[in-house]
Amino acid sequence: MLAELPEYPWDAMAPYAAQAKAHPDGMVDLSIGSPVDPTPELIRTALSAATDAHAYPTTVGTPALREAIVEWFGRRRDVSGLAVDNVLPTIGSKEFVAWLAFMLRLGPGDVVVHPRAAYPTYAIGAAMAGARALASDDPAEWPENTKLVWLNSPGNPDGRVLDIDALRSRVQRARELGAIIVNDECYAELGWDGRWSHDRIPSILDPRVTGGSLEGILSAYSLSKQSNLAGYRAAFVAGDRALIDQLLVIRKHAGMMLPGPVQAAMVVALGDESHVAAQKELYRARRSVLLPALVAAGFTLDASEAGLYLWVTEGKDAWISIERLASLGILAGPGHFYGDHYPNHVRLSLTASDERIGQAAARLRVSV
Ligand SMILES: Cc1ncc(COP(=O)(O)O)c(C=O)c1O
């Protein structure tokens, strides 16, 4: 049963986009976090070396890809002890987020919890299953009929990081409820402030969180942002083997398999750290230009200690801020798009060229 889905919210931005485009030096589009830097050459080479793809790919992934994911979790996420049966490729993370509640056969009477400031697809996924979405960051509020909990650390839009204790308490509550808990971790390589400038951002699969049992727990990760692979649709999920088996069955029947050349490219992307570090430095530089200019223009930063966005407020309704920014030729996203709880926030993405970010900063500085 497909519940009624909302209009695609970004359509509401059209008048502001028109206003921003009218700026004499052009629009700076910081509204959608689509990567602007090239896909690294070594990944493109791996893709083009794999274009003989006459046979169907397997849904479970090639042995090389499954092993690369396991190895990556050990090396980059402090998660050792996974086996290839604990991992599964997904066609980008968005389809997984949107379809998980349905694939778990949730429906009316079931609750899907997601963060209060949230990527909208968690609630869409609940609606697609006919379940009820609940925006809550407080495990004590999660009702008895909670069947699925989405965490998103580091968060989109707010860049908030859940540390080991915060993850562990959420896992404990999900276990009490018998609910499945998933952390969407796609910004885990992008830590900026406080302890996250040097400490690794924890995975929900970290043994200090799980206590050694992966039961009921999944981590979703995507290469879209860390490797500029958004156009490849390259992502994966890992965790509880029984859940992975269950998802594999339905995904096999539904044809949800990753193209072979993309699987080959992912192996190379996962094995190389230098391009990830180089991309992070680009975002760090853009953040260090844009953030002080926003502050000088009267915006206050909220959370945003990691991730790809600046989550800011000037203490007014977001549409007023969006209009002010559009008058400077800058397009941002209103807090209204990320749930009901942050109507005075706006989200600005770091995914624009150095030149465009520089333009945005200069315009913000002369606006005060
Ligand atoms: C929190 C979060 N999850 C998932 C996605 C989807 O990523 P992809 O489908 O490119 O893997 C995004 C993309 O912006 C996101 O911000």
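Biologist: Where does Pro154 sit?

Modeller: Pro154 is placed in the loop between strand 5 (146-151) and helix 6 (164-177). Helices (H or I, at least four residues) and strands (E, at least two) are DSSP runs, numbered from the N terminus. Keep in mind that this is a predicted model, where local features need pLDDT of at least 70 and side-chain atom pairs count only at pLDDT 80 or more, while totals for chains, interfaces and linings use all residues. Residues are numbered from 1 along each chain as its sequence is written.

Biologist: And which bond joins Ser153 and Pro154?

Modeller: Most peptide bonds are trans, and most residues other than glycine have a negative phi. Ser153 and Pro154 are joined by a cis peptide bond, with omega about -5°. A cis bond also runs from Asn156 to Pro157, its omega near 15°, and Pro157 too belongs to the loop between strand 5 and helix 6.

Biologist: What about phi at Asn228?

Modeller: Asn228 isn't a glycine, yet its phi is positive, about 50°. Look for Asn228 in the loop between strand 7 (217-222) and strand 8 (235-239).

Biologist: OK, helix pairs next. At what angle do helix 4 and helix 5 cross?

Modeller: Two packed helices are described by the angle and the distance between their axes. Here helix 4 (residues 93-103) and helix 5 (residues 121-129) cross at roughly 35°, with their axes coming within 7 Å. Axes are lines fitted to C-alpha atoms, for helices over the stretch in contact, and angles run from 0 to 180 degrees between N-to-C directions. Helix 4 brings Lys94, Val97, Ala98, Trp99, Leu100, Ala101 and Phe102 to the contact, and helix 5 brings Thr121, Tyr122, Ile124, Gly125, Ala126, Met128 and Ala129. Contact needs C-beta atoms, placed from the backbone, within 7 Å. Those contact residues split into 11 nonpolar, 2 polar and 1 charged; Ala, Val, Leu, Ile, Met, Phe, Trp, Tyr, Cys and Pro count as nonpolar, Asp, Glu, Lys and Arg as charged, and the others, Gly among them, as polar.

Biologist: Which residues are closest to the ligand?

Modeller: Gly92, Ser93, Lys94, Ser222 and Ser224 are the closest of the 14 residues that surround the ligand (C-beta atom, placed from the backbone, within 6 Å of it). Helix 4 turns up again, giving the most to this shell with 3 residues. By class, the shell has 5 nonpolar, 7 polar and 2 charged residues.

Biologist: How do I read the sheet with strand 9 in it? In what order do the strands come?

Modeller: The order is 9-10-13-12, in an open sheet of 4 strands with antiparallel pairing; two strands pair if DSSP finds at least two bridges between them. Strand 9 (300-301) and strand 12 (333-334) are the edges, each with a single partner strand, so one side of each has no neighbour in the sheet. Strand 9 is joined to strand 10 by 2 bridges, and Thr300 has Thr313 in strand 10 as its bridge partner. Helix 10 packs on the sheet, touching strand 9, strand 10 and strand 13 (345-349), and its direction makes about 5° with that of strand 10. Helix 11 (residues 318-327) lies across strand 12 and strand 13, at about 40° to strand 13.

Biologist: Zooming out, which domains are there?

Modeller: Domain 1 covers 9-38 + 275-366 and domain 2 covers 50-271, with bounds from an automatic or database domain assignment. Their contact takes 27 residues from domain 1 and 28 residues from domain 2. On the domain 1 side, helix 10 (274-296) and strand 10 (309-313) are the elements giving two or more residues, and helix 10 has the largest share, 7 residues.

Conventions
Contact = placed C-beta atoms within 7 Å.
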